[in-house]
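Hi,

Here's the structure I said I'd pass on.

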Amino acid sequence: MSSSNNDKIISDAHPHTIKKFELIETYIKSWAQKLMLLDSCSGIIFIDCMCNSGVYKSDEGEIVYGTPIRVANALLDVARTYPHKQVQLYFNDYNQKKIEELKKHLPEEERNFRIVTTTQDGNDLLKWIGPQLNNNTHMNFFLLYDPYDASIDWNALTPFFRNWGEVLINHMISDSVRAIPQVKKEEKKEKYTGTYQVEDISELVPYGSNKEAYEKRVLEIINKLKGSASRDYYVAAFPFFNTRNALVYDLVHCTSHEVGFKLFKSTAWKTFDGKSSTKNRHGMEGQLVFDFSGNGFAKHNTDEYCYDLTDVASYVQEHFCGQKDVPLEEIWKLLDAHPVFPSDGYRKDIKKSLKDDYDAIVSKKTITFSERK
C-alpha cells in the first residue's frame, strides 16, 4: 500500500490484498480446529501487531473486511465449539482512529474469548509479549507481522521463532526493489540494513531489482534466528502479484509444526485456484515447450513465481524417474518437504498428471515411473 493509503482510516484493498485476507482467514479456521483437538493445547493466541482498521474499500467501491475482523469472527466460532479452551486475540495499530474503527466491527467478548486492542508500535508490543511465551507452553500462538513497507524488526520476532507457534511475515519486496537503489536518508538506510541484516546499504545495492536475492536473504535470516541448527523448522513463501502482474510482496510462513506447514501450503494453493500465486500467466499454464537439453520430450512451460499442478507432477517424475512400485506414501513425503508444492488436497490430480503426461502406472498403493525426465 502507498503511504497515503496507509493514512486512511478505511484503506483501499486491491484484489491481491483481498486474496491475502482470504488465505489467512481460511488457514486460521483450519489451524485452530486442528489445535483445539489436541489434549496438550489449552488454547490459542492470535496476534496482529499491525492490524489497520480492519475495514477496506475494494476497487469497485465495496466495503471489504480485513484480517482482524475475519479472524475474530472465525475464532469466536472456535471458542464456542471448545468452551473449555481459551481464545485470546491481540490487535494493535499505532493509529488510535484505526483501532477505534476496528472496535466497531469486532464481536463481543465471551467467557473464553478475549480481545485486547492497543495503540503502540507493533514491535514494542511483540517485545512485551515475547518474553512471556515460555510461561504459556500450553497456549499455541499465531503471529501476523504485516508492516506497511519492507521494515522487519528481527529482535522483536526472534522469541516467536524459537517457541512452539507460527509466524506469518509480509515481506514487502516491492518497497525494497524500488527504494534501495536510490535511498539517501540515513534513517531510511537503517530501515533496510536492519531488515536485511547487513552492515551497510552498499551491500544491498548489487541486489538491484533481483527479487530472488531479497527473498533468499530473508530466508537466510529466519534460518539463523530459529535457534538450534538441528531443530526442525518449516518455512514456506508465497508471492502476491497486483493486477499489473508486478510482484508486491511475499507471505512467509514459519512454523515448528509439520502439520501446519503442510496445511498452509495446501490452503495457499486452494486460495490461488490450484496455483502457487496470484500471477496472471496469460494462458501459458500447461503450455508445452520442446526440451532440447534433455531427452527430446515436450515439457510443460514453468514459471517459478506461479507453479501449477503440472509442475508438481514434473518434480515428482524427475525425482522418481524409472523407479518401479514406489509407495504412494514416499511420494507424498517428498512433496510434504517441498517449500511450495502441496500433496494434501491434490493427490488425485497429481496421480492423474503423472499417468497422462508421463505414462506412469498408477495402482492403489504404488506408482511405477517411466524413464522420461
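This is a predicted model: local features need pLDDT of at least 70, side-chain atom pairs count only at pLDDT 80 or more; totals for chains, interfaces and linings use all residues.

**Salt bridges**

The count comes to 18 salt bridges. One of them pairs Asp146 with Lys20, with 2.7 Å between the closest N and O atoms. Asp146 sits in the loop between β7 (139-145) and α6 (154-161), while Lys20 belongs to helix α2 (residues 15-36), so this pair ties together parts that are 126 residues apart in sequence. Both partners are buried: Asp146 is, and so is Lys20.

Another one to look at is Asp336 with Lys262, where the closest N and O atoms are 3.6 Å apart. This pair also links distant parts of the chain, with Asp336 in helix α12 (residues 328-336) and Lys262 in helix α10 (residues 258-271), 74 residues apart. Asp336 has a relative accessibility of 10%, and because the cut-off for buried is under 20%, Asp336 counts as buried.

For a local case, go to Asp175 and Arg178, whose closest N and O atoms are 3.3 Å apart in a salt bridge. The two are 3 residues apart in helix α7 (residues 173-179), so about one helical turn separates them. Asp175 comes out at 7% relative accessibility and therefore counts as buried. Asp175 and Arg178 also belong to a network of salt bridges that takes in Asp149 and Lys191.

**Nonpolar cores**

The largest nonpolar core has 104 residues, and those with the most contacts inside it are Leu75, Leu89, Trp154, Leu157, Phe161 and Ile169. Helix α2 gives the largest share of this core, 8 residues. There is also a second, separate core of 5 residues, which includes Ala13, Ile18, Phe21 and Tyr56.

Leaving aside neighbours within four places in sequence, Ile169 is in contact with Tyr145, Ile152, Trp154, Leu157, Phe161, Ile222, Asp250, Leu251 and Val252.

**A strand residue**

Last stop: Thr118, which is found in strand β6 (residues 113-118). What does the Thr118 side chain make a polar contact with? The partner is the side chain of Asn92, at 2.8 Å. Not counting residues up to four places away in sequence, Thr118 touches Phe91, Asn92, Asp93, Ile99 and Leu125.

Cheers

Terms used: Residues are numbered from 1 along each chain as its sequence is written. Side-chain values use heavy atoms; hydrogens and water are left out. A salt bridge is a side-chain nitrogen of Lys or Arg within 4 Å of a carboxyl oxygen of Asp or Glu. Helices (H or I, at least four residues) and strands (E, at least two) are DSSP runs, numbered from the N terminus. Buried means under 20% relative accessible area, exposed over 50%, partly exposed in between (1.4 Å probe, protein chains only). A nonpolar core is a set of buried Ala, Val, Leu, Ile, Met, Phe, Trp, Tyr and Cys residues joined through side-chain atoms within 4.5 Å. Contact means heavy atoms within 4.5 Å. A polar contact is a pair of N or O atoms within 3.5 Å; within protein, one must be able to donate a hydrogen and the other to accept it, and residues adjacent in sequence count only if both atoms are side-chain atoms.
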